Amino acid sequence: MADIVSLADGVGELVHDGDVVALEGFTHLIPHAAGQEIIRQGRQDLTLVRMTPDIVYDQLIGAGCARKLIFSWGGNPGVGSLHRFRDAVQHAWPVPLEIEEHSHAGMANRYVAGASGLPFAVLRGYRGTDLPEHTATIKWITCPFTGEELAAVPAINPDVSIIHAQRADRAGNVQMWGLVGVQKEAVLAAGRSLVTVEEVVDELEPVAGQVVLPHWAVTAVAEAPRGAHPSYAQGYYERDNAYYKYWDSIGRDRDTFRTWVRDEVLAGRDSADAAGDKEGVR
Amino acid sequence: MSGAASTTAASGAQQDYTSDEMMSVAAARALENGKRCFVGIGLPSTAANVARRTHAPDLVLIYESGTLGSKPDVLPSSIGDGVLAETADAVIGVPEVFNYWLQPGRIDVGFLGAAQLDRFGNINTTVIGDDYTDPKVRLPGAGGAPEIAASCHEVFVVVRQSARSFVEKVDFVTSVGHGSGKGDRERLGLPGAGPTLVITDLGVLRPDPETSELVLTQLHPGVEVEDVRAATGWDLKISPELARTDAPTAAELSTLRTLKEASR
């Protein structure tokens with residue numbers, strides 16, 4: 001049975017310095033509150049894994065939590081660049097950031113291999129691109145049946161994966177719907193998992209297109225209302241497109257970003273803290 | 001908006017539309033009704049949604065976030081906006097998008113943007129500069145593009161044209177166009193035909209059937225060959241059958257503007 005914990009306790013117990021950590025959520029259900037809790041708890045030397053390191057990883061990278069990023073697309077969707085990510089890659093600020101770069105197809109298959117308990121995945125990908133020259137985790141393998149040469153990528157098995165979902169029940173069964181990205185694979189590939197949810201309910205009412213993760217496949221669940229903001233939670237709230245534009249003005253400048261971390265994250269005033277106020281639900 | 005290009009286009013004649021609008025409309029026209037189209041965010045998404053609301057109501061829009069057959073009534077601002085999922089025929093996981101739908105060749109057209117494009121239609125969205133480990137500019141990276149460019153039956157690229165973005169050779173091959181020329185895709189074992197059409201704010205380029213080098217085949221209204229040459233970083237060849245793009249119709253413009261206005 002998954003433990004129902006506070007967000008602070010969940011991150012405190014499950015995320016350690018030096019861990020390989022995946023926060024997943026493809027545009028939808030991005031675990032922003034959990035990301036900010038990792039900053040608040042001052043985690044360092046993390047290897048961050050994520051297909052689309054958007055604002056949530058720009059914040060973690062800018063705050064100096066990461067030493068390495070494994071990813072396939074690092075931008076601010078619909079807006080432009082991730083300035084903290086760029087500053088780390090181009091100027092090693094605030095700390096050097098090693099990168100391991102894939103395509104979406106490669107990353108998705110790495111999670112599938114991880115979830116499947118296999119050492120690697122094969123795909124018809126990367127051929128002719130410059131990625132294999134710079135990414136050691138892309139190699140070639142010959143199909144033993146047809147002789148076709150295919151790309152091979154190693155499984156991703158994070159120490160801990162963190163996702164956000166709409167709901168869980170009190171046993172810790174998790175329910176999510178809408179765009180579900182690679183969240184199921186990320187949880188099943190990981191040694192430990194933390195799922196933040198909009199709400200913990202007595203009973204999970206079925207929803208069309210739902211994905212359910214049974215409580216025995218999840219380590220801990222933490223209630224974090226609006227914990228995906230500024231991304232969205234279908235059925236709860238819309239994507240805050242204005243925030244993505246606003247983030248461009250915060251992330252663009254080191255001092256503005258530092259002020260934001262101090263006032264909005266370390267002071268605990270961001271939406272993440274709402275989770276702390278709701279501990280009575282436990 | 002591409003200010004310089006707009007000025008160029010506008011200087012030729014009195015026009016009541018921008019060069020970006022001409023580009024979106026020209027890209028929309030290229031999408032045939034009923035085709036299955038893998039849509040990138042930004043310019044490709046704008047064009048695909050204009051097409052669906054004008055001549056191609058049965059165009060199937062596929063977004064890499066996991067939607068098959070999205071029918072958004074506003075332009076999505078990201079690849080995974082709620083409206084794409086809510087209006088889709090099916091919502092699927094991301095591994096399924098790439099493994100079940102893209103890789104086996106079920107998608108007709110891959111519709112991509114580019115930060116840099118070269119004379120053989122290779123696309124760079126990774127780094128600007130010669131040194132990958134110490135780039136001049138770090139771009140977002142590959143996303144779904146390498147496999148979209150490999151596996152879709154053909155690829156349309158929609159991109160604003162400038163001497164900085166249209167280069168002799170891309171700094172980094174993120175997605176393969178025609179490699180270093182004719183026959184490269186076959187040698188690499190890439191199943192799709194690659195870029196068959198490049199639509200810009202100045203005109204349209206297509207690969208030469210003999211060499212696979214991109215040549216100018218179409219000029220948008222008010223644009224002259226010299227304008228396009230000046231905005232191209234290689235010695236651009238001009239098709240002997242150079243055509244002139246029809247100006248956007250009132251219906252096309254109003255569809256495009258209505259979509260943009262309705263977008264959040």
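Visitor: How many salt bridges does the rule find across the interface of chain A and chain B?
Guide: Welcome to this predicted model! Applied across the interface of chain A and chain B, it gives a count of 1 salt bridge.

Visitor: Which residue of chain A forms a salt bridge with Arg138(B)?
Guide: Here the closest N and O atoms are 2.6 Å apart, and the cut-off is 4 Å. The partner of Arg138(B) in this salt bridge is Glu101(A).

Visitor: Which element supplies the largest share of the side of chain A that touches chain B?
Guide: Let's begin with the elements that each supply at least two residues to that side: α4 (83-91), β5 (98-101), α5 (104-116) and α6 (131-134) of chain A. The largest share is 5 residues, and these come from α5(A).

Visitor: How do the residues of that side divide into nonpolar, polar and charged?
Guide: In total, 44 residues of chain A are in contact with 41 residues of chain B. On the side of chain A that touches chain B, the division is 18 nonpolar, 18 polar and 8 charged.

Visitor: What share of the area buried between chain A and chain B do carbon and sulfur atoms give?
Guide: Polar links are found here too, with 19 residue pairs in polar contact across the interface, both residues at pLDDT 80 or more. The area buried between the two chains is about 3,500 Å². Of this, the share from carbon and sulfur atoms is 59%.

Visitor: How far apart in sequence are the parts that the pair Lys68(A) and Glu100(A) ties together?
Guide: A search over all chains finds 27 salt bridges. One of them joins Lys68(A) and Glu100(A), with the closest N and O atoms 2.9 Å apart. Lys68(A) lies in strand β4 (residues 66-71) and Glu100(A) in strand β5 of chain A, so the parts tied together are separated in sequence by 32 residues.

Visitor: Where is Pro94(A) found?
Guide: A cis peptide bond joins Trp93(A) and Pro94(A), with omega about 0 degrees. As for its place in the chain, Pro94(A) is in the loop between α4 and β5 of chain A.

Visitor: And where does Pro230(A) lie?
Guide: The peptide bond from His229(A) to Pro230(A) is cis as well, with omega near 10 degrees. Pro230(A) is in the loop between β13 (220-223) and α8 (241-251) of chain A.

Visitor: What is the phi of Thr27(A)?
Guide: Thr27(A) is in the loop between β2 (20-23) and α2 (32-40) of chain A. Although Thr27(A) is not a glycine, its phi is positive, at about 70 degrees.

Visitor: What distance separates the C-alpha atoms of Pro207(B) and Gly121(B)?
Guide: Pro207(B) lies in strand β13 (residues 203-207) of chain B. Beyond its neighbours within four places in sequence, Pro207(B) has contacts that include His178(B), Pro195(B) and Leu214(B). Pro207(B) and Gly121(B) are 86 residues apart along the chain, and their C-alpha atoms are separated by 8.1 Å.

Technical notes:
Residues are numbered from 1 along each chain as its sequence is written. Chains are lettered from A and ligands numbered from 1 in the order in which they are written. This is a predicted model: local features need pLDDT of at least 70, side-chain atom pairs count only at pLDDT 80 or more; totals for chains, interfaces and linings use all residues. Side-chain values use heavy atoms; hydrogens and water are left out. Contact means heavy atoms within 4.5 Å. Buried area is the accessible area (1.4 Å probe) that two parts lose on being put together, summed over both. A salt bridge is a side-chain nitrogen of Lys or Arg within 4 Å of a carboxyl oxygen of Asp or Glu. A polar contact is a pair of N or O atoms within 3.5 Å; within protein, one must be able to donate a hydrogen and the other to accept it, and residues adjacent in sequence count only if both atoms are side-chain atoms. Helices (H or I, at least four residues) and strands (E, at least two) are DSSP runs, numbered from the N terminus. Ala, Val, Leu, Ile, Met, Phe, Trp, Tyr, Cys and Pro count as nonpolar, Asp, Glu, Lys and Arg as charged, and the others, Gly among them, as polar.
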